Amino acid sequence: MGKPTGFLEFTRELPKKRDPQERIHDYKEIETPFTEADSQKQAARCMDCGTPFCHSGCPLGNIIPEFNDAVYEQNWAYAYEILSSTNNFPEFTGRICPAPCESSCVLGINKPPVAIEFIEKSIIEAAFAKGLVTPQIPLKRTGKKVAVVGSGPAGLAAAAQLNKAGHLVTVFERADQIGGLLRYGIPDFKLEKWVIDRRLQVMEDEGVVFKTNTNVGVDIKDKELMEQFDLVMLTGGSTVPRDLPIPGRELNGVHFAMEFLSQQNKRVSELPVEKDHQGVSYAQGDIWATGKNVVVIGGGDTGSDCVGTSNRHGAATVTQIELMPMPPKERAESTPWPNWPMMVRTSTSHEEGCDRYWSINTKAFISDDNGNLKALRIVDLEWKNVNGRMQMVEVAGSERDMPCELALLAAGFVYPQHQGLLDDLGVEYDERGNVKASNYQTTTNPKVFAAGDMRRGQSLVVWAISEGREAARQADIYLMGDTLLEAKAKSMFATV
């Protein structure tokens, strides 16, 4: 633990954020630097709670009280050793994770929880600054060749672990840059791309081979892949977006959120934007929010990212609408501690300027005289409990048109792309359209494994990393009959 009385002496503090009126003019990260002394004070708040529920709250099983104690003692090398034993990429999760561990913090029952996510970021940044993050090259190679298809967080985690086990790992990515969602989904103001590049350099130095602009299933056929590699790990994302098939969907100005976000990420990186991250040309060219009334349809994190990007474009107005009712401002009774709380969340993008509405249904996209979007036809909803199930009912007389020249569909993703590699491999799909697997091994071919959103559906980056690690462990057992890779909650540092 940290300081025995720390949770009584210190309050929760996070790094200050740059002024909204300043930061909307650039794509730099929002938080200002924090000192090691500040990190030490926050780590001191970790209490001797007996049963650290934060362990179970974290999908990775991070050993949180122990690394908090190391930070309090200013033993950064030991803190990094503990953290890296369960998390390959704390520089990602320390920036973009919603921190389910904090929702399970025992201190959070009646006080603000320990700032675990911030401490995690502090550890990895201190580790890089102090030269503690160095390539860990395997002493012995197994000679087994593994293909990882997809370079998002699940693929990178699987690649790092399989390389650590001594296998020869090649990561294939159909986009022009490695990173998947991290590269072409999450805005730079949440995750600057030098953070990814820094980690990729370490992985390359460790022996991982990256191949971009390679669409497996097209550039390399499934039979060729199976012949060249001893194991194939499928880690592509859940890339098929949920559409909104209502009148006017074909109008200019109606776009999926990822089209909008990936274009801007390319601009920030000074890359051409003629094609999307999947190599497909944009049907409507460049997408800009400048001077437009923007409506983001969908209330999740992707929608929030669209809000922040639209503000940086200089949109005339930004509105976010959500089909579901507004969550409570405090933790809902239905999600008591230590569960992830159902409650309304205000992101840094919302703070920069956004009107938010709940219980709104979009009925049609309205056209001007030239095939361009000019408005949304919306209606208010009332949610009623019918036989134990919530059903939406339109509020009579509430239908109206909302001015809108750019509508961004941010209603999530349904499943991975089936056409091409997955169908060619003959994998089975579950009832939700994801790749069906048992213990990460596909049900149709024992040589093919699946992990991340492709296997479990759209989820958090921290879950993707966990999936990649666990799948790598099972793959190593398949290849070698045993494994020395760490299992979740069984690290050498675990106390229970």
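Me: Helices (H or I, at least four residues) and strands (E, at least two) are DSSP runs, numbered from the N terminus. What kind of model is this?

Reply: This is a predicted model, where local features need pLDDT of at least 70, side-chain atom pairs count only at pLDDT 80 or more, and totals for chains, interfaces and linings use all residues. Residues are numbered from 1 along each chain as its sequence is written, and side-chain values use heavy atoms, with hydrogens and water left out.

Me: Is Ala99 buried or exposed?

Reply: Ala99 counts as buried because its relative accessibility is 5%. Buried means under 20% relative accessible area, exposed over 50%, and partly exposed in between (1.4 Å probe, protein chains only).

Me: What about phi of Asn213?

Reply: Asn213 also isn't glycine, and its phi is positive, near 50°. Look for Asn213 in the loop between β3 (209–211) and α13 (222–228).

Me: Changing topic: what order do the strands of the open sheet have?

Reply: The five strands go β6-β14-β7-β8-β9, with parallel pairing. Two strands pair if DSSP finds at least two bridges between them.

Me: Which strands stand at the edges?

Reply: β6 (254–256) and β9 (355–357). Each has a single partner strand, so one side of each has no neighbour in the sheet. On average, neighbouring strands of this sheet are turned by 20° against each other, direction ignored. Axes are lines fitted to C-alpha atoms, for helices over the stretch in contact, and angles run from 0 to 180 degrees between N-to-C directions.

Me: Over how many bridges do β7 and β8 pair?

Reply: Five, in the parallel sense, with β7 covering residues 293–297. In that part of the sheet, Ile297 stands opposite Ile321 of β8.

Me: Nice. Which strands does helix α14 touch?

Reply: α14 (residues 257–268) packs on the sheet and touches β6 and β14 (406–409), where contact means heavy atoms within 4.5 Å. The direction of α14 makes about 75° with that of β6.

Me: Last one: what does helix α15 lie across?

Reply: α15 (residues 301–313) lies across β7, β8 and β14, and runs at about 175° to β8.
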